[in-house]
Amino acid sequence: MADLTTDVRTIKGIGEQRAKALAKLGIRTLRDLISWFPRRYEDRTVLRAIAQLPEEEPACCAAMVAAAPSVSRVRKGMELVKLRAVDETGALDVTFFNQTWLKDNLRPGETYVFYGRAEGRGAHRRMVSPVVEPEERREVTGRIVPVYPLTAGVSQLVLRRSIRQGLDSCADILPDILPDSVRREHHLCHAGFAFENIHFPASPEALDLSRRRLAFEELFLFAIGLRRLRQRRVTASVPPCSPVDMGVFYSALPFTLTAAQRRCVEEALTDMASGAPMNRLCQGDVGSGKTMVAAACVYCAVKNGRQAALMAPTEILAQQHYKGLAPLLEPLGVRCALLTGSTPAKTKKSIAAQLAAGELDFAIGTHALITGSVEYGDLGLVVTDEQHRFGVGQRAALIAKGRHPHTLVMSATPIPRTLALILYGDLDVSVIDQLPPGRRAVETYAVPGSYRPRLYNFIRKQVSQGRQAYVVCPMVTENGDLPDERKAVTEYARTLQTQALPDLRVSFVHGKMKPKEKEAVMSAFAAHESDVLVSTTVIEVGVDVPNASLMIIENAERFGLSQLHQLRGRVGRGQHQSYCVLVSDNRNEETRQRLKVMTTTSDGFKIAEEDLRLRGPGDFFGQRQHGLPGLRIADIGCDASLLKEAQTAAEGLLAADPELKTCPAAAERIAELFAQAAETLN
């Protein structure tokens with residue numbers, strides 16, 4: 001008999017290769033499989049007449065094939081199947097690419113349901129590569145269809161059929177983690193109903209009930225987990241840092257810190273003097289001066305006889321920090337070193353020996369800081385930059401190099417303070433809500449695709465003045481499945497180089513490149529060895545290029561506002577006026593609202609609030625936080641009221657039953673989640 005820990009290979013159609021592909025998604029057991037929730041849904045319940053098919057969105061229509069489909073070869077490797085289908089209102093010309101088997105499957109005189117985006121108007125319409133199935137045997141039309149996140153080797157159809165089998169196997173053994181009293185008090189459905197209807201909704205109402213139940217459960221466990229993490233934090237104690245004359249540090253700076261920076265420094269130093277490990281998030285917009293807050297903490301820690309380490313997500317960023325901080329801190333008696341993957345072995349060995357002996361005070365680097373051979377004499381402060389780029393294991397591994405070191409995490413991802421307090425439940429939050437004086441706002445414009453010729457001329461103008469430009473492409477999708485960022489970037493770069501901007505030096509970078517390749521391209525761009533850098537969002541966190549003055553973001557509607565703001569932060573870092581152009585042909589009203597926000601404000605926190613209001617935050621960080629699993633279905637921005645309910649329910653349960661003895665299913669699940677987190681740390 002199957003249970004929730006049963007291997008997914010017991011599912012019909014999942015062999016070794018498919019199991020390996022699913023493992024990339026974290027799907028190894030039946031529990032993983034049925035907990036792989038859809039990222040969105042397509043409502044295919046309504047059948048429309050051909051003449052009434054909308055232009056802006058996919059829709060279903062039932063139509064009879066009027067004549068035998070034809071097959072033609074366009075070029076090598078490309079065959080087209082064409083047919084005409086009709087109903088009483090008009091005709092639909094349908095084209096399929098490289099699906100020649102459909103020629104024999106779609107028979108004249110029989111009625112089929114087509115689901116896709118119609119082109120044209122009136123009684124004569126066109127549809128390219130729609131979903132199609134016989135009207136009398138409907139599996140993927142006539143219902144609300146889930147759409148799942150995918151990986152190579154796993155299709156939507158495979159996932160849907162596998163999850164169907166998984167649910168059938170688990171139907172009688174799904175534990176109801178929530179206590180009956182909590183479920184009744186908050187009007188929540190049973191777990192079995194929720195899992196069935198989150199994957200195969202019987203109606204929109206059933207889907208809403210299911211999502212609410214599963215989101216509540218997730219937030220309920222999240223609240224219990226945070227409470228336990230806070231309890232762990234309170235028990236640790238460390239020798240308090242003695243007061244340090246910070247005037248020496250401030251006098252060494254070539255500029256005056258803003259009031260917001262000084263406030264954040266004071267908050268952090270108060271933590272370090274408290275006798276408990278500091279756990280503080282310092283968040284602020286790009287250019288707000290978070291690194292100087294970190295430098296002040298490093299100075300304080302070193303003057304108290306402790307060591308410090310700063311871990312950055314890329315070698316370029318680590319080098320950038322070293323070049324900025326070492327000249328500032330070394331004259332103050334802070335011995336600094338840079339340690340990255342490309343540090344020569346002999347140098348690396350020397351640095352490791354000096355750190356272990358306490359002969360170095362401050363190590364700046366990448367994940368090289370946490371390799372097994374690197375030990376610290378007395379690591380007292382850990383700083384992580386753009387911390388959401390690290391897995392929980394990497395952060396914890398660096399912290400484990402010391403004895404309860406103080407922790408400062410920096411993030412330029414602006415999120416509302418209330419949301420930060422929830423997401424970082426075991427951290428205190430400092431916000432730098434001022435930019436240094438003299439910083440120019442980036443002029444931002446939203447334009448349609450028809451402006452591209454003018455944009456290319458504007459790129460030329462900027463380059464003629466000695467400036468550089470970024471062009472960001474969204475990832476393209478092949479057959480509605482896995483995004484292919486390599487194709488998007490290389491094709492766009494080739495078009496610029498051969499057609500639009502043949503007189504300029506165009507380079508490109510994407511996430512599929514090896515780390516050293518990416519570093520080399522971005523370093524070359526920073527050295528002004530290319531004029532235009534075409535990229536996906538891999539540059540969202542990257543090298544500081546003060547000379548870059550133009551950011552063009554194609555298909556801007558595909559990005560969240562906070563991500564657009566992060567990308568815009570790549571320019572405006574030097575003395576020159578900078579520009580950001582958002583290119584979109586999407587006429588949706590919500591898209592217009594979102595892009596208008598970008599053109600009217602440069603305040604990252606206002607943008608984040610608007611992002612929450614318009615669409616919810618989704619997954620701001622894409623990583624598990626502090627040993628807790630990421631939320632798979634709950635959305636903290638959109639589910640704020642549900643979160644409060646879940647927190648209240650969790651606190652009530654813990655007050656009455658701290659060990660969860662009356663709720664064994666919840667206790668078991670919490671233990672599993674912490675065990676998974678511990679496994680990740682190892």
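Me: Contact means heavy atoms within 4.5 Å, so which residues is L47 in contact with, leaving aside its neighbours within four places in sequence?

Reply: L47 is in contact with C60, C61, A62, V113 and R138, once those neighbours are left out. Heads-up: this is a predicted model, where local features need pLDDT of at least 70 and side-chain atom pairs count only at pLDDT 80 or more, while totals for chains, interfaces and linings use all residues. Residues are numbered from 1 along each chain as its sequence is written, and side-chain values use heavy atoms, with hydrogens and water left out.

Me: What about R306, buried or exposed?

Reply: R306 counts as buried, at 13%. Its place is the loop between α10 (290-303) and β12 (307-311).

Me: Which backbone oxygen does the R306 side chain reach?

Reply: The one of L379, at 3.4 Å. That's a polar contact: a pair of N or O atoms within 3.5 Å, where within protein one must be able to donate a hydrogen and the other to accept it, and residues adjacent in sequence count only if both atoms are side-chain atoms.

Me: New topic: in what order do the strands of the open sheet come?

Reply: The 6 strands go β18-β25-β24-β19-β23-β22, with parallel pairing. Two strands pair if DSSP finds at least two bridges between them.

Me: Why is one side of β18 and of β22 left without a neighbour in the sheet?

Reply: β18 (443-447) and β22 (506-509) stand at the edges, each with a single partner strand, so one side of each has no neighbour there.

Me: How many bridges join β19 to β24?

Reply: 5, between residues 468-472 and residues 548-553. In that pairing, A469 stands opposite L550.

Me: Which strands does helix α15 touch?

Reply: Helix α15 (residues 452-464) packs on the sheet and touches β18, β19, β23 (532-535), β24 and β25 (579-583). Its direction makes about 165° with that of β24. Axes are lines fitted to C-alpha atoms, for helices over the stretch in contact, and angles run from 0 to 180 degrees between N-to-C directions.

Notes
Helices (H or I, at least four residues) and strands (E, at least two) are DSSP runs, numbered from the N terminus. Contact means heavy atoms within 4.5 Å. Buried means under 20% relative accessible area, exposed over 50%, partly exposed in between (1.4 Å probe, protein chains only).
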